[in-house]
Amino acid sequence: MRVSDAAADAPTVSTLADWMQAKGASGELVNGVMAEQLARHGVVHEMLTYPESGHAFDFAEPHHPEVRQAVAQAVAFLREFTAPRL
């Protein structure tokens with residue numbers, strides 16, 4: 001399945017991951033399609049994946065080193081793109 005084919009009839013970018021997972025798409029394909037759609041719509045984004053961790057792993061193990069790294073990266077991203085422009 002090509003990335004563009006997978007997203008052709010998906011309802012919106014916000015529900016794309018759920019829709020694709022319901023269709024049996026791999027996590028790698030889901031992430032690729034999400035990144036493609038965000039870029040297509042001009043949304044600044046950074047896709048971080050942690051293959052050895054499950055979905056929402058930050059809630060399950062908040063003190064794990066990968067969680068701390070992910071949170072630090074997310075905070076840095078948000079600070080960069082939400083900082084007041086002078």
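Of the 86 residues that make up the protein chain, 19% count as buried. The model is a predicted one, and its protein chain holds 5 helices and 0 strands, so that, read from the N terminus on, the elements run α-α-α-α-α. The accessible surface of the protein chain comes to about 6,600 Å², and 57% of that surface belongs to carbon and sulfur atoms. When contacts in the protein chain between residues at least 6 apart in sequence are considered, 33% of them join residues at least 24 apart.

The mean pLDDT of the protein chain is 74, and 74% of its residues reach 70 or more. Confidence is lowest in helix α1, residues 3-7, where the mean is 48, and it is highest in helix α5, residues 65-82, where the mean is 86. Where pLDDT is low, the predicted coordinates should not be read in detail.

Which residues make up the largest nonpolar core? This core has 5 residues in all, namely Ala17, Met20, Leu29, Val30 and Val33. The elements that give two or more residues to this core are α2 (16-22) and α3 (27-40), and the largest share, 3 residues, comes from α3. In soluble globular proteins, nonpolar side chains tend to be buried together. Ala17, one of the core residues, touches Val30 and Met34 when residues up to four places away in sequence are not counted.

Helix α3 itself can be followed from end to end. It has 14 residues and reaches 20 Å from its first C-alpha to its last, which is close to the 20 Å expected at 1.5 Å a residue. The buried residues of α3 are Leu29, Val30, Val33, Ala35, Gln37 and Leu38, and among them Leu29, Val30 and Val33 belong to the largest nonpolar core. After α3 comes Gly42, whose phi is positive, near 75°.

Leaving aside its neighbours within four places in sequence, Ala35 is in contact with His45 and Met47. The C-alpha atoms of Ala35 and His45 are separated by 7.6 Å, and these two residues are 10 residues apart along the chain.

Is Ala70 buried or exposed? Ala70 has a relative accessible area of 16%, and it is therefore buried, since the cut-off for a buried residue is under 20%. The C-alpha atoms of Ala70 and Thr49, which are 21 residues apart along the chain, are separated by 9.1 Å.

Helix α5 also holds both Phe77 and Phe81, which lie 4 residues apart, about one turn of the helix. An α-helix has 3.6 residues a turn, so residues three or four places apart point the same way. A search of the whole structure finds 1 aromatic pair, and it is formed by Phe77 and Phe81, which are tilted, with 4.8 Å from centre to centre and 45° between the planes. Phe81 is only partly exposed, because its relative accessible area is 37%, a value that falls between the limits of 20% for buried and 50% for exposed.

Conventions. Residues numbered from 1 in each chain as written. Predicted model: local features only at pLDDT ≥ 70, side-chain atom pairs only at ≥ 80, totals over all residues. Heavy atoms only, no water. Buried < 20%, exposed > 50% of the residue type's maximum accessible area, 1.4 Å probe, protein only. Contact = heavy atoms within 4.5 Å. Areas by Shrake-Rupley, 256 points an atom, 1.4 Å probe, with all protein chains shown as cover. pLDDT = per-residue confidence, 0-100. Core = buried A, V, L, I, M, F, W, Y, C linked by side-chain atoms within 4.5 Å. Expected span 1.5 Å × (residues − 1). Phe/Tyr/Trp six-rings, centres within 6.5 Å; stacked < 30°, edge-to-face > 60°.
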